[in-house]
Amino acid sequence: MDPRAARMRLLLINPNTNRATTEAMVEIARGSDPHARVDGATVRTGAPLLVDETLLAKGAQAVVDLVRTKDFTGFDGGIVAAFGDPGLEAARAICRIPLVGIAEAAMAEAAAGQRRFVVVTTTPLLVDAIERRAAAYGHNAAFGGVRLTDGDINALMADPAALEAALARACERTIAEDGAEAIVIGGGPLAVAARALAPRFAVPIVEPIPAAMRLLRAALPHP
């Protein structure tokens, strides 16, 4: 067992106000690294689901507000757990521990070896924001675009089985039609579905929260 991993304590920050989503993401983070302690924090203001750029901006401000007031004593690092990485850069500027974003981490893993990767998600009004993130992280050469699920986002988010099925269909299409060599399931609230989909496809399905756990560990100093 890596002795550094055994004492790693992390804070997962949910930029939306849905505490159930926070709990689900924390459980996935814990399951991806059983030697790390992961606590969750839900922002106090904003929206329960970040579905457009206005709400993404509100989530960014809420993340910064949380980081500004949070006591990080005892924490080694943190994760901003919404796919737009809202507030990540501003929060880093005021936070004394390393922070990573789930889009940052997932895109880096998906693009490894210059694989062509596609982001599969449910939010049509965030496509431009996702594309800007891919460019900002230097993935223009590998980024194959965004593939959206069919159906109303609110109906899908209210029905886990329908959400998983819609994401699976989008994954199938992006492999067949877009030539995806890796797929990122783009969204913190999609984390449970991402976990279920990961073993079902021949190409890698990158789960953003476990990817963030790995990136954060790599960012932490060795003892």
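The charged end of Arg9 sits over the ring of Phe75, 3.9 Å from its centre; a charge is taken to sit over a ring if NZ of Lys or CZ of Arg is within 6 Å of the ring centre and within 35 degrees of the ring normal. The model is a predicted one, in which local features need pLDDT of at least 70 and side-chain atom pairs count only at pLDDT 80 or more, while totals for chains, interfaces and linings use all residues. Residues are numbered from 1 along each chain as its sequence is written, and side-chain values use heavy atoms, with hydrogens and water left out.

Two aromatic pairs are found in a search of the whole structure. Rings of Phe, Tyr and Trp (its six-membered ring) pair if their centres lie within 6.5 Å, with planes under 30 degrees apart counted as stacked, over 60 as edge-to-face and the rest as tilted. Phe72 and Phe75 form an edge-to-face pair, 6.3 Å centre to centre with 75 degrees between the planes. Phe72 is buried at a relative accessible area of 4%, and Phe75 is buried at 7% (buried, under 20% relative accessible area; exposed, over 50%; partly exposed, in between; 1.4 Å probe, protein chains only). The ring centres of Phe117 and Phe143 are 5.5 Å apart and the planes stand at 50 degrees, so this pair is tilted. The pair links distant parts of the chain, with Phe117 in strand E5 (residues 117-121) and Phe143 in strand E6 (residues 143-148), 26 residues apart. Both Phe117 and Phe143 are buried. Helices (H or I, at least four residues) and strands (E, at least two) are DSSP runs, numbered from the N terminus.

Four strands form an open sheet with parallel pairing, in the order E2-E1-E3-E4; two strands pair if DSSP finds at least two bridges between them. Strand E2 (37-42) and strand E4 (99-101) stand at the edges with a single partner strand each, so one side of each is left without a neighbour in the sheet. Neighbouring strands of this sheet are turned by 25 degrees against each other on average, direction ignored. Strand E1 (residues 9-14) pairs with E2 in the parallel sense over six bridges, and Leu12 stands opposite Gly40 in E2.

Helix H3 (residues 53-69) lies across E1, E2 and strand E3 (77-80), running at about 145 degrees to E1. Axes are lines fitted to C-alpha atoms, for helices over the stretch in contact (heavy atoms within 4.5 Å), and angles run from 0 to 180 degrees between N-to-C directions. Helix H10 (residues 208-219) lies across E1, E2, E3 and E4, at about 150 degrees to E3. Buried residues in H10 include Ile209, Met213 and Leu216.

Thr22, in helix H2 (residues 19-32), is buried at 5% relative accessibility. Not counting residues up to four places away in sequence, Thr22 touches Asn14, Gly40, Ala41 and Thr42.

Helix H5 (residues 102-110) is mostly covered, with seven of its nine residues buried. Helix H8 (residues 160-178) has 19 residues and reaches 26 Å from its first C-alpha to its last, close to the 27 Å expected at 1.5 Å a residue; the expected span is 1.5 Å times one less than the number of residues. Among the elements covering the buried residues of H8 are E5, E6 and helix H7 (153-157). Just after H8, Gly179 takes a positive phi of about 65 degrees.
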